[in-house]
Amino acid sequence: MLILRSESDPIPRTWVAAFQEGLRHAGWSENNNLRTDLRFAADRSSIRSSAEELVKLAPDLILVHSSPGTSAIRQKTKTIPIVFVAVGDPVVNGFVEEIAHPKGNATGFTNLFPSIGGKWLELLKEAAPRMVRVGLLFNPEFEFSKTYFPPIETAAPRLSVQIVRMPYRSSTELGNAVNAMAAEPNGGLVILPPLSNYPREFILRLQETRLPAISTSRSFATAGGLMSYGADNVDLFRRASSYVDRILRGEKPSDLPVQFPTKFEMVLNLKTVKAMDLNISRTLRAFATEVIE
């Protein structure tokens with residue numbers, strides 16, 4: 001298993017626990033008929049080294065989280081079966097040829113698809129009704145981030161919002177983007193994947209400038225961001241155990257279609273709401289699956 005998060009982060013531990021619980025229900029138990037080697041990777045260097053370590057172990061299967069993690073594993077092997085979790089669009093990323101027929105050694109569960117971008121903008125506008133300008137923060141190194149542009153930009157006129165594309169490549173550029181959007185009133189930010197580790201100074205700057213922002217990652221809201229909306233990763237990892245079970249019992253990844261999320265979670269940070277002096281509607285609060293008081 002390769003998880004693209006810090007080992008000290010408690011959130012991915014809940015993913016691993018859900019996956020292991022699913023395996024136990026399927027009849028697989030550690031030190032009985034199963035051995036699991038788990039690696040956490042928080043940066044590009046550790047992703048590459050962890051991928052190399054796991055492939056050298058010659059496992060029967062590799063479960064991998066995230067697009068960078070899946071890319072690193074696929075660069076090392078074209079034969080070991082791979083089950084990926086939370087990888088965005090696996091076709092755009094080149095992990096499978098088709099959703100229904102992967103045609104390779106990889107299949108799994110995606111957490112995102114472009115049409116969700118319109119929902120991000122709707123939720124942000126509902127949280128900050130006076131918002132008229134929204135910056136799309138994206139890392140140009142990841143081409144799949146751009147697949148979210150069309151649905152967001154299509155929704156913008158209906159919501160009376162102007163969209164500004166804002167590429168970044170470093171923490172400094174993240175801060176500069178916040179300052180640029182905050183220079184004029186009634187701005188906001190949509191943070192496109194795959195940003196998952198948010199620099200503390202970035203979160204603080206959003207709060208200082210009272211700039212509402214939304215991300216797909218739950219960790220953004222728990223770290224002090226305004227809100228997040230995305231797939232329930234705990235559920236995805238639990239479902240991934242079914243594919244691991246089927247492959248270990250003889251099925252091929254190429255015969256198992258990529259699956260989409262069926263459960264979503266919205267996290268709303270009321271402490272940040274208060275700090276930004278926003279008036280959140282009862283409807284939006286009711287929609288949230290978790291409210292941080």
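**Notebook: overall fold and helix 7**

I started with the contacts. Among those in the protein with a separation of 6 or more, 66% join residues 24 or more positions apart. I note here that the model is predicted.

Next I looked up the secondary structure. I find 11 helices and 12 strands. The radius of gyration is 19 Å, close to the 19 Å that the globule rule gives for 293 residues, so the protein is as compact as a globular protein of that length. I then took the box along the principal axes: the C-alpha atoms fill roughly 60 × 35 × 30 Å.

Then I turned to burial and surface. Of the 293 residues, 55% count as buried. The protein exposes about 13,200 Å². Carbon and sulfur atoms supply 48% of that area.

I also checked charge. There are 34 positive and 30 negative side chains. The centres of the two sets lie 3 Å apart.

Last, I went through helix 7, residues 200-208. Which of its residues are buried? I list Phe202, Ile203 and Leu206. They sit on the same side of helix 7, because they cover an arc of only 100° around the axis. On the face turned away from that buried side I find the exposed residues Glu201 and Glu208.

What covers the buried residues of helix 7? I noted several elements, including strand 6 (133-138), strand 8 (187-191) and strand 9 (213-215). Helix 6 (171-182) and helix 8 (218-222) are also among them.

I finished just past the helix. Arg210 follows helix 7, and its phi is positive, near 55°.

Notes: Residues are numbered from 1 along each chain as its sequence is written. This is a predicted model: local features need pLDDT of at least 70, side-chain atom pairs count only at pLDDT 80 or more; totals for chains, interfaces and linings use all residues. Side-chain values use heavy atoms; hydrogens and water are left out. Helices (H or I, at least four residues) and strands (E, at least two) are DSSP runs, numbered from the N terminus. The radius of gyration is taken over C-alpha atoms; the globule rule is 2.2 Å times the number of residues to the power 0.38. Buried means under 20% relative accessible area, exposed over 50%, partly exposed in between (1.4 Å probe, protein chains only). Contact means heavy atoms within 4.5 Å. Accessible areas come from the Shrake-Rupley method with a 1.4 Å probe; for residues, only the protein chains shown count as cover. Lys and Arg count as positive and Asp and Glu as negative; His and the chain ends are not counted. The place of a charge is taken as NZ of Lys, CZ of Arg, CG of Asp or CD of Glu. The arc is that of the directions from the helix axis to the C-beta atoms.
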